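Please examine the structure shown below.

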Amino acid sequence: MDLLNTLVDKGLRRELPTREEALAVLATSDDELLDVVAAAGKVRRQWFGRRVKLNYLVNLKSGLCPEDCSYCSQRLGSKAEILKYTWLKPDDASKAAAAGVAGGAKRVCLVASGRGPTDKDVDRVSETISAIKEQNEGVEVCACLGLLSDGQAGRLRAAGADAYNHNLNTSEATYGDICTTHDFSDRVSTVQQAQAAGMSACSGLIAGMGESDADLVDVVFALRDLDADSVPVNFLIPFEGTPLAKEWNLTPQRALRILAMVRFVCPDVEVRLAGGREVHLRSMQPLALHLVNSIFLGDYLTSEGQAGKDDLAMIEDAGFEVEGTDTTTLPEHRRQGCGEGACASEGAGEPANAAEPAATVPAPSDDTRRDLVSVRRRGAGTDLPPNA
C-alpha cells in the first residue's frame, strides 16, 4: 500500500506527513487494519523499541469543578455518581503514588479538578512532589492542575515537577462545542508556560466526542506544533450524568486507526494510551501496544481500569517489556532539544478544511457496552487499597 510505505519512510526520518495522508489513515478500511498497525508499529519500534512506559494517576481532588467541559464526570452540574473529596494531604497522596511505583510505574501523575490552582494549592502540591521524590528514587512526577497563573509553573518546576499535563482535547474550531468556561488558547498558553519553566509538555486529546476526522487531524497537528513530549490519547468514557453520555461512536478498529494516525504524525514522541482503552479497545488492547509506547497502570481519575496485574500480563504476553527508571523514554535527539518544530521537515500543508462535513456518528445501539463504564470506588479518597 503506497500510503503506508510513504508514512513509514517519513516516520523513520521524523518527517511530518501531510494532513491529507493523516486523513487517509483514518479512512482506511477494517480489511486494511492489520497493515496499518504493522506499518505504524515499524515507526514505534524505530524510536522506542519494545519498551512500554507505565504511568500512575493520583486524583488529588475529585469532583466539584466549576468548569463545564462536556466530557468530564467532574464538571459543573455533573450528575455522575463519582467520588467527591477535597485535597488529599501530601502524605496520603504520596502513599497512593507509592502503590503505583510498586506496581512498576515510572511516572506519577498528580491531578486535581478545578479551573486552576491557587498559590496555596501550588504549595500543597509542591509538598506532595517533594515527598514522592524523597521516597521513590528515579520516579518522574507530572502535575495536572488546570490553567496556570504567572509564576506557578516555575514554582512547580522548582519543587521537582518533571512535566505538566494540560490536554488540548479537540480541535480549535470545535473547542467551543465542548466547553464554554475557557477556550482553546487558554490551554495552549498553559502548555507553553510549563515549557518555558523547563517542564516537559504532556498534552493530548480525547477521541469519540462526535468530532470529524478533520478535527482529529487538526488537534494532533496542533500538538505537534506545540512540541509536546508526551501525547496521551484518551477515548471518551461516556459517563451517565454528563452531556456526552450517549456518545458511543468508537469501535476497536476506529480506535486503533486513531492511534496509528497519531503515531505517524508524532513518530518520536511518547504516545500514551490513556483513559477509555478498556471501554473501547476491549480485547484489542494488546494490538495497541504496537502503536503506543506508554499506558496508564490500573485506575483512572474517576473510573476503574483493568487490574494492574492484568496490564503487566498483557505487556508481557504481547512480547513487550516495562520501561525501567534507569531508561530515558525519549530518543536522544529529542533530549537534546531538537523537537518536532526544529527537526520536522516539510509537509505541514494548510489547515484542514473547516467546512469539511463531520464524520457520520452512529446512534447508540441496543448492544452498547455501558456496563464497561465503572466508577472508581477504591484508591485515593477511599479506605480501599488502590489498583496498581
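This is a predicted model: local features need pLDDT of at least 70, side-chain atom pairs count only at pLDDT 80 or more; totals for chains, interfaces and linings use all residues.

**Cavities, helices and confidence**

Strand β1 provides 4 residues to the lining of the second largest cavity, the largest share of that lining. Sorted by class, the lining of the second largest cavity comprises 8 nonpolar, 3 polar and 3 charged residues.

How many cavities of 30 Å³ or more are there? The count is 2. The largest cavity has a volume of about 910 Å³. Its lining is formed by 44 residues, of which Y71, C72, Q74, N167 and L301 are the closest to the centre of the largest cavity. Several strands take part in this lining: β1 (51–61), β2 (107–112), β3 (140–144) and β7 (230–235) each contribute at least two residues to the largest cavity. By class, the lining of the largest cavity contains 23 nonpolar, 16 polar and 5 charged residues.

Attention now turns to the helices. Two packed helices are described by the angle between their axes and by the distance between those axes. For helix α1 (residues 2–12) and helix α3 (residues 33–48), the axes come within 9 Å and cross at roughly 10°. Because angles under 35 degrees count as roughly parallel, α1 is roughly parallel to α3. On the side of α1, the contact is made by L4, L7, V8, G11 and L12. On the side of α3, the contact is made by D35, V36, A39, K42, V43, Q46 and W47. In the contact of α1 with α3, 8 residues are nonpolar, 2 are polar and 2 are charged.

The protein chain has a mean pLDDT of 90, and 91% of its residues reach 70 or more. Over residues 337–366, however, the pLDDT is below 50. In the model, this stretch has 48 contacts beyond near neighbours in sequence.

Notes
Residues are numbered from 1 along each chain as its sequence is written. Side-chain values use heavy atoms; hydrogens and water are left out. pLDDT is the predictor's confidence in each residue, from 0 to 100. Contact means heavy atoms within 4.5 Å. On a 1 Å grid over the protein atoms alone, a cavity is a set of points where a 1.4 Å probe fits but cannot get out, and a pocket is an open set with protein on both sides within 12 Å along at least five of seven lines; lining residues have an atom within 4 Å of a point. Grid points are joined across faces, edges and corners, and a volume is the space filled by probe spheres set on the points. Ala, Val, Leu, Ile, Met, Phe, Trp, Tyr, Cys and Pro count as nonpolar, Asp, Glu, Lys and Arg as charged, and the others, Gly among them, as polar. Axes are lines fitted to C-alpha atoms, for helices over the stretch in contact, and angles run from 0 to 180 degrees between N-to-C directions. Angles under 35 degrees count as roughly parallel, over 145 as roughly antiparallel, 65 to 115 as roughly perpendicular and the rest as oblique.
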